[in-house]
Amino acid sequence: MGTLPGIALTCVIALVCGFLGALGSVSVLQGQLEGPQGASGLPGPPGEAGPAGTDGGNGIDGTDGTEGNNGRRGARGPRGRPGADASAAPDAPVDLGTGNCAGQSVQVVVDATVRDNGTIALQRQSICITG
């Protein structure tokens, strides 16, 4: 049997016998259902080690900080002038209440009630707006 008849036979057995029939037909016809193995994309085992590298040469000697190698250290500079005195921080408004409002106090409508005679009664409340 080729690949197409093997798949067709597996489908027919699966329809007739259900899940166990499909499992059995796949296990029996496994060789006919498999195709050629493709490239896996996984790296192969490492190769043999190459020859060892050569040792490096000696570097150039560094300077030791004496007068002949780096130059002398300069004289200390003049002392700087003292800084200016700090100014007082401005008072930040901290009271957000309505009695001692640090910003602008305004009245806002918070409730409205319609009376029997057709008039509207508004309930107002003061709030503080700071900027």
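## Exercises on a predicted chain

Once its neighbours within four places in sequence are set aside, Ala112 is in contact with Ile120, Ala121 and Leu122. The model behind these exercises is a predicted one.

**Exercise 1.** Find the element in which Ala112 has its place, and decide whether Ala112 counts as buried, partly exposed or exposed.

*Solution.* Begin with the position: Ala112 lies in strand S1, which covers residues 104-114. Next take its relative accessibility, which is 49%. Buried means under 20% and exposed means over 50%, so Ala112, at 49%, counts as partly exposed. Finally, look across to Leu122, which is 10 residues away along the chain, and whose C-alpha atom is separated from that of Ala112 by 4.5 Å.

**Exercise 2.** Work out which residues make the nonpolar surface patch, and which elements give two or more residues to it.

*Solution.* The patch, of about 300 Å², is made by Val108, Val110, Ile127 and Ile129. Strand S1 and strand S2 (120-129) are the elements that give two or more residues to this patch. Val108, as one of its members, has its place in strand S1. A patch residue needs over 30% relative accessible area, and Val108, with 32%, is partly exposed and therefore passes that cut-off.

**Exercise 3.** Describe the whole chain by its elements and by the share of its residues that count as buried.

*Solution.* Start with the secondary structure, which comes to three helices and two strands, running α-α-α-β-β from the N terminus on. Then turn to burial, where 5% of the 131 residues count as buried. The accessible surface of the chain comes to about 12,000 Å², and 54% of it belongs to carbon and sulfur atoms.

Definitions and conventions:
Residues numbered from 1 in each chain as written. Predicted model: local features only at pLDDT ≥ 70, side-chain atom pairs only at ≥ 80, totals over all residues. Heavy atoms only, no water. Helix = DSSP H or I, 4+ residues; strand = E, 2+ residues; numbered from the N terminus. Buried < 20%, exposed > 50% of the residue type's maximum accessible area, 1.4 Å probe, protein only. Areas by Shrake-Rupley, 256 points an atom, 1.4 Å probe, with all protein chains shown as cover. Contact = heavy atoms within 4.5 Å. Patch = residues over 30% accessible without salt bridge, like charges linked within 9 Å, V, L, I, M, F, W, Y side chains within 5 Å. Salt bridge = Lys/Arg side-chain N within 4 Å of Asp/Glu carboxyl O.
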